[in-house]
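Subject: Structure handover

Hi,

Here is the structure you asked about. My notes follow below it.

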Amino acid sequence: MAAEPLRVLACGDVEGRLEALFGRVRAIQGKSGRFDMLLCVGNFFGSTSETEWAEYRTGAKKAPIPTYVLGANDQETVSYFPDISGCELAENITYLGRRGLYSGTSGLQIAYLSGTETQDELAPAYSFSAKDVAELKTSLLSTPNFKGVDILLTSPWPRDVGTFANSAGEIDTKKCGSKLVSDLAASLKPRYHFAALEKAYYERLPYRNHTVLRETPQHVSRFIALADVGNTSKKKYLYAFSIVPMSLMDPAELVKQPQDVTENPYRKSRKEAQKTKAPLYAEEEPACQFFFDLNKHQGKKRPSDEKERGNSQPKQAKKPSQPTGPCWFCLASPEVEKHLVVSIGTHCYLALAKGGLLPDHVLILPIGHYQSVVDLSSEVVEEVTKYKSALKEFFRSKGKRYVLFERNYRSQHLQLQVIPVPLDHCTSEDIKESFIVQAQEQQIELLEIPEHSDITQVAQPGTPYFYVELDTGEKLFHRIRGRFPLHFGREVLASEALLALPQRADWRRCAAERAEEAAQARDFRRDFQPFDFALRA
């Protein structure tokens with residue numbers, strides 16, 4: 001029998017407006033029935049609280065619902081909290097404490113952190129430090145079989161919560177909020193995270209708590225920021241929801257992924273933390289639906305059932321297939337526009353893109369006829385890698401980083417599009433975010449794949465896909481199952497978020513005279529010469 005869900009209300013900054021808050025709660029309960037609890041984040045008390053509060057503190061009035069609040073965010077309101085470790089402030093109104101985990105008889109687990117972030121090691125009564133967050137994380141993550149918490153309550157927003165997400169309006173999530181709260185949310189994996197202080201309502205799209213293709217699926221998290229009670233802009237300050245405690249849920253139901261789920265906004269900080277610190281709990285089981293083990297070194301294949309490791313015969317080198325008709329990119333073909341070629345290796349060549357997004361937009365192309373990267377023989381892959389390294393060095397010498405993408409869909413011959421972006425224009429995180437967000441807007445699931453994995457580990461020959469690679473080695477992948485916008489990669493790079501060249505999103509509108517193309521190719525060939533390994537062969 002399914003567990004009965006709890007009905008919960010969450011509230012933003014009350015700022016002492018108790019009559020307004022509890023009047024609204026009574027009205028909601030009158031229309032919708034009784035709720036089990038009210039959770040308040042942000043400033044519960046304000047500068048004019050004393051008169052209204054005295055009636056509740058003395059028992060003259062009573063909160064209509066069990067109410068749980070966070071502590072002070074400034075020195076002015078510290079005196080309202082007589083016991084820093086948590087206490088009952090009035091009948092039906094409980095101060096949770098500075099930090100900890102509240103577990104009700106229902107099994108619902110609520111993690112909480114009071115105050116605002118401070119850099120001081122000895123935090124004042126209205127703040128929390130890195131030490132406070134570390135101790136809270138340690139106490140929870142050391143719990144056997146820890147999977148996350150049902151609810152996380154903090155007053156500040158987590159920094160970067162808007163990454164990969166819908167807009168937070170006037171709030172700049174890259175500057176607003178606390179990095180320590182981001183770190184806490186990334187570790188505790190709350191199903192719901194409530195915050196306030198910014199006098200704004202923001203319900204972020206749900207985000208994943210696992211790495212797709214590497215870890216087994218986990219539950220999603222939802223971040224909701226709430227405005228202040230009684231605000232004149234009528235921004236939402238009360239949020240009603242039903243929740244079955246995680247411990248009572250069917251595991252398959254718990255990890256269901258909604259259609260609008262996004263990547264985890266804190267993954268960059270998590271990666272940095274993992275580089276400097278051993279994980280406190282066991283890693284998830286890796287995904288096993290692929291032919292390669294994604295946790296092994298690149299290119300190492302698991303043995304098949306028929307062959308034991310060490311007994312298998314060396315694999316025959318792949319030979320290029322023959323095109324079914326005229327090919328614009330096979331180097332021996334008369335259709336190739338050879339005035340655009342800027343470097344020729346043994347198995348691959350470089351050519352400027354026709355109608356390029358930029359004058360130094362180049363293509364890495366196999367000399368023979370291969371449809372996609374996953375079809376390439378090992379020696380062609382090796383030379384593609386050499387060209388990537390040479391182009392990285394070349395573009396970095398000019399203060400740029402490259403973005404590479406491949407669309408294996410409605411194309412005959414492999415074309416690796418390589419487009420440089422100025423280093424001072426945007427970071428690699430900005431580029432990834434732009435691709436993921438713009439993919440989500442078009443209902444395209446663009447997933448990050450492990451840094452040390454290879455595209456051949458997630459796609460078999462003949463599989464349509466779209467693939468992005470940064471010169472840092474970070475990769476994004478989409479398996480195409482239906483229609484796909486042909487200019488998607490170029491449109492993202494041309495968008496206002498990156499190169500701000502929307503008028504050049506379609507190559508057909510960027511045609512140049514042959515003489516101009518030849519001049520651009522000569523310039524590129526001259527500048528690339530010191531980096532061109534093919535000239536030293």
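A contact here means heavy atoms within 4.5 Å. This is a predicted model, where local features need pLDDT of at least 70, side-chain atom pairs count only at pLDDT 80 or more, and totals for chains, interfaces and linings use all residues. Residues are numbered from 1 along each chain as its sequence is written, and side-chain values use heavy atoms, with hydrogens and water left out.

**Overall**

The protein chain has ten helices and 22 strands. These are DSSP runs numbered from the N terminus: helices are H or I with at least four residues, strands are E with at least two. Of the 537 residues, 51% are buried. Buried means under 20% relative accessible area, exposed over 50%, and partly exposed in between (1.4 Å probe, protein chains only). Take the contacts between residues at least 6 apart in sequence: 72% join residues at least 24 apart.

**The core**

A nonpolar core is a set of buried Ala, Val, Leu, Ile, Met, Phe, Trp, Tyr and Cys residues joined through side-chain atoms within 4.5 Å. The largest one has 39 residues. Among those with the most contacts inside it are Ile 364, Leu 391, Val 418 and Phe 528. Elements giving it two or more residues include strand 17 (362-366), strand 19 (416-422) and helix 10 (514-528). Helix 7 gives the largest share, seven residues.

Lys 400 sits in strand 18 (residues 400-408). Its relative accessibility is 21%, so Lys 400 counts as partly exposed. Beyond its neighbours within four places in sequence, Lys 400 contacts Asp 360, Phe 395, Pro 420, Val 421, Pro 422 and Leu 423.

**Thr 463**

Thr 463 lies in the loop between strand 20 (447-449) and strand 21 (465-470). Thr 463 counts as buried because its relative accessibility is 15%. Setting aside residues up to four places away in sequence, Thr 463 touches Asn 408 and Arg 479.

**Helices 3 and 4**

The axes of helix 3 (residues 130-141) and helix 4 (residues 179-188) come within 10 Å and cross at roughly 5 degrees. Axes are lines fitted to C-alpha atoms, for helices over the stretch in contact, and angles run from 0 to 180 degrees between N-to-C directions. The two helices are therefore roughly parallel; angles under 35 degrees count as such, over 145 as roughly antiparallel, 65 to 115 as roughly perpendicular and the rest as oblique. Residues of helix 3 that meet helix 4 include Val 133 and Leu 136, and those of helix 4 include Leu 180 and Leu 184.

Best wishes
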